[in-house]
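This report describes a structural model, with the cut-offs behind each term given where the term is used. The sequence and coordinates come next.

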Protein chains: 2
Amino acid sequence: MKWNILALGRQFGSGGRTIAKKVAEEMGIPYYDKEIVEKVALETGFSQDYIEQMGEHARGKSEWSYAFSNPGVPGIMGGMSASDFLWVIQRKVILDLAEKGPCVIVGRCADQILKDRDDVLRVFIHASDQFRAERIVRLYGESEKKPEKRLADKDAKRRVHYKHYTGEEWGDTFTHHLCLDSSVIGVDKCAEMIVSVMKNG
Amino acid sequence: MKWNILALGRQFGSGGRTIAKKVAEEMGIPYYDKEIVEKVALETGFSQDYIEQMGEHARGKSEWSYAFSNPGVPGIMGGMSASDFLWVIQRKVILDLAEKGPCVIVGRCADQILKDRDDVLRVFIHASDQFRAERIVRLYGESEKKPEKRLADKDAKRRVHYKHYTGEEWGDTFTHHLCLDSSVIGVDKCAEMIVSVMKNG
């Protein structure tokens, strides 16, 4: 098999995570999500909530204050910001997991972190705003912020983070092998197409 | 069938045209290419060579001199540049062809020209530079310019033209339903995937 690893980026609410899980199931390979958070938590001392939230978001003021008030990491960040430290460790965890064998990794700039490997299929899932707004309300419930605002905020954070740490544009056609609009193709069909490429490879 | 029309954009040398032809054949629907050039030639008086070359390229000085020296179009351009006039007529031809029924149209900003229709599948095909360089030398032969330079020049012209007339980024993930890298997925497999989406729709 040519494709050992699926690195899947996605717009918030596009169903990318669901697609990634389906592919992992169909291919019989591990889907890493919580494992990454747990490993990074172990190596950084940061809380899992913080890693989950900041692992794909740009650095902001709040993380600094968090970092300096965290008693778990005295002096181990070597002058780096909390965000940079998190990036370095998360990058190492992803590189190590990829070495372990076939797997699926969602987001976290894994497509760029693993770009020197030739067995990594780079996929990006996006969808219309309407599809995503309906989906996040159905899955995560209503919140004070309007769904459209939640989508825009989350996407903006991922875009800035991705650009900052990889130098590339988030969701760029030319750095991915497949970009799919799940709102017109369908979540199941997207998974099926990715599996078909991975098996065909 | 939800998808009546395939509007397929592509990087030079990516095999996009071949993929589009295969899809048209498989779907049993017309593939418009020469027809567009012929219709535009008929309505503008421009030569087919000129339309073929300029239909997807930005305006430059040479086209102006060409336009003003062309005895076939006295005074019908209404003060427009040759490029704008070509755009207006080519746009109309594409809108008319789409009205006629299911079809495949390659390039020419058809994805954006037809964006108000909900039965148009918007696909973009790209490929690695190496794949494309080898392909254009095999298909079109050597030339004085290095293949890499030919690719870069042609892509730049298409990008500038697309941006100028549609306001969008050429090959943008977010304005397409499928973006595929033919150099890793394979030309035949790309066609197969597009057909599968069109039939599934």
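Which residue stands opposite B:Cys103 in β3(B)? That residue is B:Ile5.

## Basis

The model is predicted: local features need pLDDT of at least 70, side-chain atom pairs count only at pLDDT 80 or more, and totals for chains, interfaces and linings use all residues. Residues are numbered from 1 along each chain as its sequence is written, and chains are lettered from A and ligands numbered from 1 in the order in which they are written.

## Chain A overall

Chain A has ten helices and five strands; helices (H or I, at least four residues) and strands (E, at least two) are DSSP runs, numbered from the N terminus. Of the 201 residues in chain A, 44% are buried. A residue is buried if 20 or more other C-beta atoms lie within 10 Å of its own, exposed if 12 or fewer, and partly exposed in between, with C-beta atoms placed from the backbone.

Among contacts in chain A with a separation of 6 or more, 71% come from residues 24 or more positions apart. Two residues are in contact if their C-beta atoms, placed from the backbone, lie within 7 Å.

## The sheet

Ten strands form an open sheet with mixed pairing, in the order β2(A)-β3(A)-β1(A)-β4(A)-β5(A)-β5(B)-β4(B)-β1(B)-β3(B)-β2(B). The edges are β2 (31–32) of chain A and β2 of chain B, each with a single partner strand, so one side of each has no neighbour in the sheet. Two strands pair if DSSP finds at least two bridges between them.

Strand β3 (residues 103–106) of chain B is covered on both faces: B:Cys103 and B:Ile105 are buried on one side, B:Val104 and B:Val106 on the other. β3(B) pairs with strand β1 (residues 5–10) of chain B in the parallel sense, over four bridges. β3(B) also runs parallel to strand β2 (residues 31–32) of chain B, joined by two bridges. Here B:Tyr31 is opposite B:Val104, and B:Tyr32 is opposite B:Ile105.

## The interface

Strand β5 (residues 178–181) of chain A pairs with β5(B) in the antiparallel sense over three bridges, with A:Leu178 opposite B:Leu180.

The contact takes 18 residues from chain B and 18 residues from chain A. On the chain B side, the elements giving two or more residues are β4 (120–126), β5 (178–181), α9 (182–185) and α10 (187–200). That side has nine nonpolar, six polar and three charged residues. Ala, Val, Leu, Ile, Met, Phe, Trp, Tyr, Cys and Pro count as nonpolar, Asp, Glu, Lys and Arg as charged, and the others, Gly among them, as polar.

## Symmetry

Chain B superposes on chain A by a rotation of 180° with 0.0 Å of shift along its axis (RMSD 0.0 Å). The two copies are thus related as by a two-fold rotation axis.

## Helix α7 of chain A

Helix α7 (residues 129–140) of chain A has twelve residues and reaches 16 Å from its first C-alpha to its last, close to the expected 16 Å, which is 1.5 Å times one less than its number of residues. A:Arg132, A:Arg135 and A:Ile136 are buried in α7(A). Seen down the axis, the buried residues fall within an arc of 95°, so they line one face of the helix; the arc is that of the directions from the helix axis to the C-beta atoms.

These buried residues pack against α8 (147–166) of chain A. The face turned away from the buried side carries the exposed residues A:Gln130 and A:Arg138. A:Gly141, with a positive phi near 85°, follows α7(A).

Terms used
Least-squares fit on C-alpha atoms with pLDDT ≥ 70 in both.
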